[in-house]
Amino acid sequence: MTEASSANSSRRHHWRRGVVELAALFTTAAVADALADALGFSGPALLCAAALAVSGFHIRWSRRHENAPPPTDTGAAASSSTAGPEARGPETTLWRMRTTVRDEPGSLAALCTALAAWRVDILSLQTHPLSDGTVDEFLLRAPTAVQPEELTRAVSGAGGARTWLERADAHDLVDAPTRMLGLATRTALDSAELPLALRQLLGRCTIHSVPARSLSGQPLAEQVPVEGVLEEHLMKFRDPSGGSLTIERPQLPFTPTEFARVRALTELDNRLGQRVPPRRDVLTLPEGNEITIRRAGPSDQVAAREMHDRCSSGTLDLRYHGPVSDADRYLGHLLSPRFGRTLAVETASGRLVALGHLLWDGDETEVALLVEDAWQQRGIGAELLRRLVAMAAEAGCDSVYAITQASNTGMVAAMRGLGLPLDYQIEEGTLVITARPAPLPARHEAREIIRVRDGSGRR
């Protein structure tokens with residue numbers, strides 16, 4: 001039923017009700033007059049009483065029908081259920097957009113009007129105040145047929161400047177306060193999560209963690225003020241160990257609001273100190289021995305040095321690609337959650353027999369393995385590598401590389417065992433194998449039994 005026919009039906013309904021009410025009024029008056037003559041009552045008094053009774057009944061009846069639910073329009077429901085894709089509207093795409101506008105009344109309204117002309121739905125809006133204007137950050141749902149160039153031109157015509165646009169996904173639908181709470185929780189639980197949280201907060205950026213001193217003791221990190229440094233495309237913060245944290249984003253300037261959010265996360269990380277999740281996985285090897293795989297941290301340096309002492313010089317050389325005497329000096333950097341994640345393998349007696357490292361290297365990620373000689377050829381290295389690459393996939397890393405030697409057949413075989421496309425390059429006499437991580441399913445082989453314990457050791 002159209003709106004016009006519905007209105008006409010409503011007018012006919014009110015006209016008929018008016019005629020019925022008028023007829024009832026005259027009938028009431030006639031009955032009251034007849035009763036007054038027959039019983040000898042006062043005519044005006046009886047007429048007033050009857051009028052009051054009829055009015056009360058009428059009011060109650062009207063309210064009852066006004067509050068009744070409207071009749072079901074089965075025709076509209078049927079047409080909606082049988083509507084095709086065209087009736088449900090065009091396909092849409094999510095976009096993240098930033099643009100700078102003048103800080104004056106009406107500037108935001110002009111942007112919204114320009115976007116509405118292209119049938120663009122604004123899902124969320126954040127404002128980043130600047131000294132000479134405001135950066136408005138939008139999450140948009142636009143028809144897929146609308147090209148990004150058309151959106152950019154529309155925004156520029158409405159007064160937006162330095163407009164930036166990129167595709168978004170379902171994760172961007174989370175509002176800013178909820179996202180910040182989630183990132184703060186991740187950072188509080190694990191020191192290694194800070195670089196990943198910053199990437200999720202800032203988008204595509206490069207993060208460099210520089211230690212205070214080199215392995216030889218030479219100063220490396222510059223002295224960063226306590227409050228940090230904000231430049232157009234660069235931010236710097238002080239590391240609690242004396243090093244520095246540098247974040248770069250050439251494609252998009254940082255705003256003071258982003259700087260404040262990053263500083264809050266780094267201050268939280270600094271206050272909580274080094275921390276590693278207590279999760280432990282117990283793996284039964286083919287010969288029946290149980291080993292425990294867990295996250296490692298700075299507290300494992302003594303056990304790692306003892307493992308170095310039990311490793312042959314050939315094993316250490318394949319792992320560190322340099323003088324064996326320098327191996328112990330790398331441990332402080334490798335076991336720090338500031339620079340990545342480390343998995344440790346322990347025997348049932350608590351002896352450390354293997355380490356696997358996932359190291360953040362700017363935009364890239366490196367994996368490295370060290371398995372004690374007596375525990376090699378048992379699948380420990382392959383299991384560590386699989387878990388490390390799965391961590392890289394969860395962190396959103398585009399690629400993972402391993403630096404080794406062509407003679408290190410164990411590492412080459414473990415990389416091939418991932419089932420991922422691999423690239424091989426020879427650089428300065430070493431072999432660099434690069435894999436592009438993807439979600440890897442957990443292996444369920446008859447000879448392996450994996451049980452998970454919580455931090456208290458309960459199964």
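Modeller: Two strands count as paired if DSSP finds at least two bridges between them. Strands (E, at least two residues) and helices (H or I, at least four) are DSSP runs, numbered from the N terminus. This is a predicted model, where local features need pLDDT of at least 70, side-chain atom pairs count only at pLDDT 80 or more, and totals for chains, interfaces and linings use all residues. Residues are numbered from 1 along each chain as its sequence is written, and side-chain values use heavy atoms, with hydrogens and water left out.

Now the sheet. It is open, with four strands in the order β2-β3-β1-β4 and antiparallel pairing. From one strand to the next, the twist averages 15°; axes are lines fitted to C-alpha atoms, for helices over the stretch in contact, and angles run from 0 to 180 degrees between N-to-C directions.

Inside the sheet, ten bridges join β1 (residues 92-101) to β3 (residues 133-143) in the antiparallel sense. T99 faces D136 in β3.

Next, the helices on the sheet. Contact here means heavy atoms within 4.5 Å. Helix α5 (residues 148-157) packs on the sheet and touches β1, β3 and β4. The direction of α5 makes about 150° with that of β4. Helix α8 (residues 256-272) lies across β1 and β2. Relative to β2, α8 runs at about 90°.
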